[in-house]
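Q: Please take me through the contacts in this model, setting each value against the criterion behind its label.

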Amino acid sequence: MKATAVVDLKMRRAGRKLLALFNSIVSKVFASYKAVGLYLLVATLATIITSRLSGSFLSFWAPKDDALSVAWQVHASFIAIGFAGLAIAFQLLSDPPLAAGPARRTIVNRLQFTRIVLFSIGADVVAGLAAIWFRSHSSVILVFFAVMLPSMAAIGYLYFQTAKIFSNPRMIEQWTFDDLMVASKKISLELAEVRSSNNVLYERINGLPGLSTDSQPSEQEPICEVLARETGVVKSVKLSLLGEISGLVSKLETAIDKSDSHEASPIPESAKVNVEFLPRVGTELTSASLVARIYGAGSLSQSVLKSVTEILNECLVIRMQRDEYGGLHLQKEMEDLQDNLILAIKGGKYSTGKRGYEYYRGIASAIRQQISGVTPAGSQITDTGEWDWLSRQIWEVNNVAIDAGMRFGVMATGAALMRCVDSVTDRDLGSLRSSLMSYEQLWVGSIGDGKSADMAVNILVSLQNLTEFAIPAKGAPIEFIRATLDTWTTLCKNAFDLDDEEIFGKTLNFHRSLFKFSDVALIRNEVRLGQLVLLGWLLLSRTKSDDAKNIKVEDLLDATYGGSVFGALRLATQREPYGRWTWWEADWSQPMEASFVQLPDYIDRAALILMCRNGIGEILDVTSDSYHQAFRLLQKFDLVKQDWSPNYGPVERLDAIETALTKVVNDWNFQRSEQLWAADLAPDKIAKFISSLDVELSNVVSILPLFEAEADSEFTHEVVRVLGGRFFVPKEFFAPVDDHVFADTEMLAQQLARSMSSGEDTIVVDHISKYGVAEDVELDGLIVRIAAWLTTAVEPLVIVLGSHAIASSLGHFDNSDPAGLGEYGAPLKLVYIDGSRFSVLLVDRKTVPKIRRWPESKNGMNPIGQHSVSASVSLVAKDDKHKEPVCIVEVGTSYCWESKEEASIVLLQVTDAEY
């Protein structure tokens with residue numbers, strides 16, 4: 001018996017080795033269609049050649065004359081029956097346990113089905129050729145051993161493998177999963193490369209003059225729209241051709257107004273030609289798709305425009321249509337997996353459901369790892385919406401699992417934990433946040449009326465293991481712990497909203513115990529932040545609903561937390577914008593309804609209440625953060641006192657908190673003031689201010705240039721005067737400050753430039769008004785009076801002083817450029833002069849005095865660009881005149897008027913005009 005068993009074991013081993021050898025041979029022979037075709041071609045040629053050979057060495061093996069014909073017919077019948085049997089076998093495999101598409105595809109590929117079928121048919125054709133035209137003793141042997149037997153062996157191999165698959169459904173499952181893994185890696189690599197290509201494309205386009213990827217303002221219409229010449233998906237863009245487009249764009253003729261002297265006027269910004277390139281790698285183009293929009297104005301060179309249009313289409317490399325797009329194909333096959341997984345869970349198939357979750361985990365991990373090798377460091381699987389459908393599928397499966405009972409709920413929770421751990425291992429913060437949403441989803445489905453607390457406790461334990469053990473063990477950054485703590489806060493908030501007192505108490509106990517013995521103060525403060533946010537939410541919720549809740553504010557106040565209240569408040573203000581919690585209030589808003597976010601205000605109130613319970617702590621440190629938090633909290637004291645409850649504690653404690661906060665504010669103000677007085681001015685801020693002033697002086701519009709004398713003209717002038725000022729501005733504009741202080745030198749430059757422009761208008765109007773003759777006129781007769789005056793004026797100029805009603809009646813609505821006065825063609829300017837007695841000035845510039853100006857000459861003041869303005873910034877020593885640190889900004893322009901006895905000016909007062 002023992003010897004028989006040994007022989008039997010050896011026979012089995014030998015059989016397995018022979019089978020492995022046969023599998024290896026089959027896989028190599030049928031590795032590709034080329035290999036199959038080459039084998040059949042060689043067999044055919046060998047048959048033809050051997051049919052011409054004769055020899056007595058095969059005479060004793062000589063078959064009957066009709067042997068080859070009979071063998072051919074038998075072979076044809078065998079493969080026909082074999083194919084019919086395989087067709088029946090495929091019917092038995094028509095309902096695979098997972099995704100049908102990948103399952104059937106992987107079976108066909110693993111069995112080499114199409115190649116074996118092709119080989120069998122080809123073998124039968126070769127046998128037929130030998131039987132009809134090339135029959136000989138040697139060809140019979142060759143065809144039998146080299147063609148027929150391999151063909152029949154291959155069909156037998158198909159039968160054997162089919163039976164093996166039919167008896168082992170897990171093999172189909174594993175093959176299906178392997179196929180999905182290969183497809184997901186391929187597609188993720190493709191999408192990552194598409195994103196990388198688009199980033200390069202974006203940088204290239206925006207770095208070329210005349211090209212952009214940004215849409216133009218809606219009021220500007222394109223002068224040309226370029227349609228796609230080919231349809232399909234953009235595979236790539238030829239970057240080398242983009243430079244040619246940029247060069248051609250510069251040759252486009254823009255709007256040029258030519259005067260009588262044929263001198264070109266400056267090209268307005270709106271007239272510059274710009275090509276907005278629209279396609280991106282991976283986008284689908286149809287016959288109606290736009291490749292580009294060309295913006296600009298005026299006459300365009302049609303030849304250059306045609307060249308640009310041609311190159312725009314030539315730079316696109318088009319591939320297959322969208323219905324062949326791999327990402328969409330994978331999504332549809334994963335939907336089959338989702339459907340089978342949902343059916344398995346509804347049918348109570350626990351093992352199938354568990355394996356389905358593992359497949360989702362493996363595919364997500366494969367995608368993430370594939371992307372990490374292509375995209376830049378720090379990029380995440382959730383950077384774009386390309387894989388949102390995967391999260392949605394898991395979400396839908398979770399809904400079914402939580403409804404199927406606690407056993408499947410625990411399975412879904414475990415799967416969520418493993419996906420979170422994988423995300424932490426791969427340092428994918430976005431994927432972690434997406435996976436943490438499963439906890440919130442399962443939590444909402446596990447609490448409420450009629451729900452057992454066991455499932456809720458299981459979720460809490462799982463999340464605790466992730467937060468306190470799994471993430472620290474992986475050495476992940478604090479952002480990963482912060483993400484899980486945000487989830488804890490949301491779970492507590494959901495329990496409060498459902499007014500589930502038991503679950504809220506259990507959740508609070510878990511939450512306050514997190515990192516209780518941690519030696520990292522920042523982590524303890526992060527946990528404390530959750531209590532602060534929850535208390536703020538409870539306070540806010542009471543103002544939104546009159547319904548009494550079983551859960552009271554005192555329940556949260558009585559919970560013992562580690563960490564500092566003030567430190568937690570600092571973390572809250574560092575979130576942008578205040579973390580995820582601002583979205584909680586969206587449940588109270590109607591669609592398309594705007595509302596102010598109130599939770600941050602109530603978090604500050606909660607901090608004051610908790611300080612009364614737990615003391616001030618590190619608030620006594622005089623720092624910039626402490627100052628700004630203390631200053632903000634001081635604004636909330638009256639509101640907190642109005643809503644104070646005796647259950648919070650004695651209200652007198654608030655006075656001590658207010659005194660401490662006020663001391664922090666005062667100490668910081670004194671400390672900062674001393675630092676500012678002692679600080680030197682920052683050269684980079686001064687340089688930025690001077691540069692901004694140069695730009696702003698170029699942008700402002702004034703009427704003074706209309707009266708300015710030519711540089712080489714000479715005239716008798718009056719006394720020289722100075723327009724400008726000496727301003728004391730807060731030193732924060734030009735000294736080093738922290739990020740909380742807003743002191744923008746560009747804004748300061750803008751204000752000073754506008755002030756100089758306004759001053760120039762004032763000195764012009766005041767001076768030329770001395771020469772004018774005053775008249776009263778009604779609005780209806782204004783145009784008639786101006787028309788009469790225009791017949792006598794040589795260089796007419798109409799100045800409207802601050803009345804939009806008058807300017808509108810004359811056809812002038814803005815002051816960006818001199819405008820014509822209707823059909824009369826006189827330039828019209830609208831200026832604002834406070835306290836003027838007149839409405840309209842009719843000025844003949846041929847007769848009025850001219851003005852000359854130049855930068856003010858004064859120690860320390862330097863000219864600003866090409867303008868007739870000089871400026872300086874200087875220190876101010878500390879003295880009793882200034883309570884706050886200041887510095888001096890001086891701007892000035894020297895000017896003088898031409899001496900003239902008279903001028904043609906009419907001063908009109910419109911008696912019934914509105915201003």
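Q: Why is Asp601 called partly exposed?
A: Asp601 has a relative accessible area of 22%, and because buried means under 20% relative accessible area, exposed over 50% and partly exposed in between (1.4 Å probe, protein chains only), Asp601 counts as partly exposed. This is a predicted model, in which local features need pLDDT of at least 70 and side-chain atom pairs count only at pLDDT 80 or more, whereas totals for chains, interfaces and linings use all residues. Residues are numbered from 1 along each chain as its sequence is written, and side-chain values use heavy atoms, with hydrogens and water left out.

Q: What makes the contact of Asp601 with Arg605 a salt bridge?
A: The closest N and O atoms of Asp601 and Arg605 are 2.9 Å apart, and because a salt bridge is a side-chain nitrogen of Lys or Arg within 4 Å of a carboxyl oxygen of Asp or Glu, the pair qualifies. Asp601 and Arg605 are four residues apart in helix α21, so they are separated by about one helical turn; helices (H or I, at least four residues) and strands (E, at least two) are DSSP runs, numbered from the N terminus.

Q: Is Arg605 buried or exposed, and how do you know?
A: Arg605 has a relative accessible area of 11%, and is therefore buried.

Q: What makes Arg605 a charge that sits over the ring of Tyr602?
A: The charged end of Arg605 is 4.2 Å from the centre of the Tyr602 ring, and the label requires NZ of Lys or CZ of Arg within 6 Å of the ring centre and within 35 degrees of the ring normal. The charged end of Arg407 likewise sits over the ring of Tyr350, 4.0 Å from its centre.

Q: Why is the contact between Asp655 and Lys641 said to tie together parts of the chain?
A: Asp655 forms a salt bridge with Lys641, with the closest N and O atoms 3.6 Å apart. Asp655 lies in helix α24 (residues 652-678) and Lys641 in helix α23 (residues 637-642), so the pair ties together parts that are 14 residues apart in sequence. Asp655, at 39% relative accessible area, is partly exposed, and Lys641, at 32%, is also partly exposed.

Q: Which residues do salt bridges that share partners join into one network?
A: The network consists of Asp601, Asp604, Arg605, Arg632, Lys636 and Asp643.

Q: What makes Glu225 and Arg293 a pair that links distant parts of the chain?
A: The side chains of Glu225 and Arg293 meet in a salt bridge at 3.8 Å, N to O. Glu225 belongs to strand β2 (residues 224-227) and Arg293 to strand β6 (residues 290-295), 68 residues apart. Glu225 counts as partly exposed at 45% relative accessibility, as does Arg293 at 23%.

Q: How many aromatic pairs does a search of the whole structure find, and why is that of Trp537 and Trp584 called edge-to-face?
A: The search finds eight aromatic pairs. The ring centres of Trp537 and Trp584 are 5.3 Å apart and their planes stand at 75°, so the pair is edge-to-face: rings of Phe, Tyr and Trp (its six-membered ring) pair if their centres lie within 6.5 Å, and planes under 30 degrees apart count as stacked, over 60 as edge-to-face and the rest as tilted. Trp537 is in helix α18 (residues 521-544) and Trp584 in the loop between α20 (565-574) and α21 (599-614), 47 residues apart.

Q: Are Trp537 and Trp584 buried or exposed?
A: Trp537 counts as buried at 2% relative accessibility, and Trp584 counts as buried at 7%.
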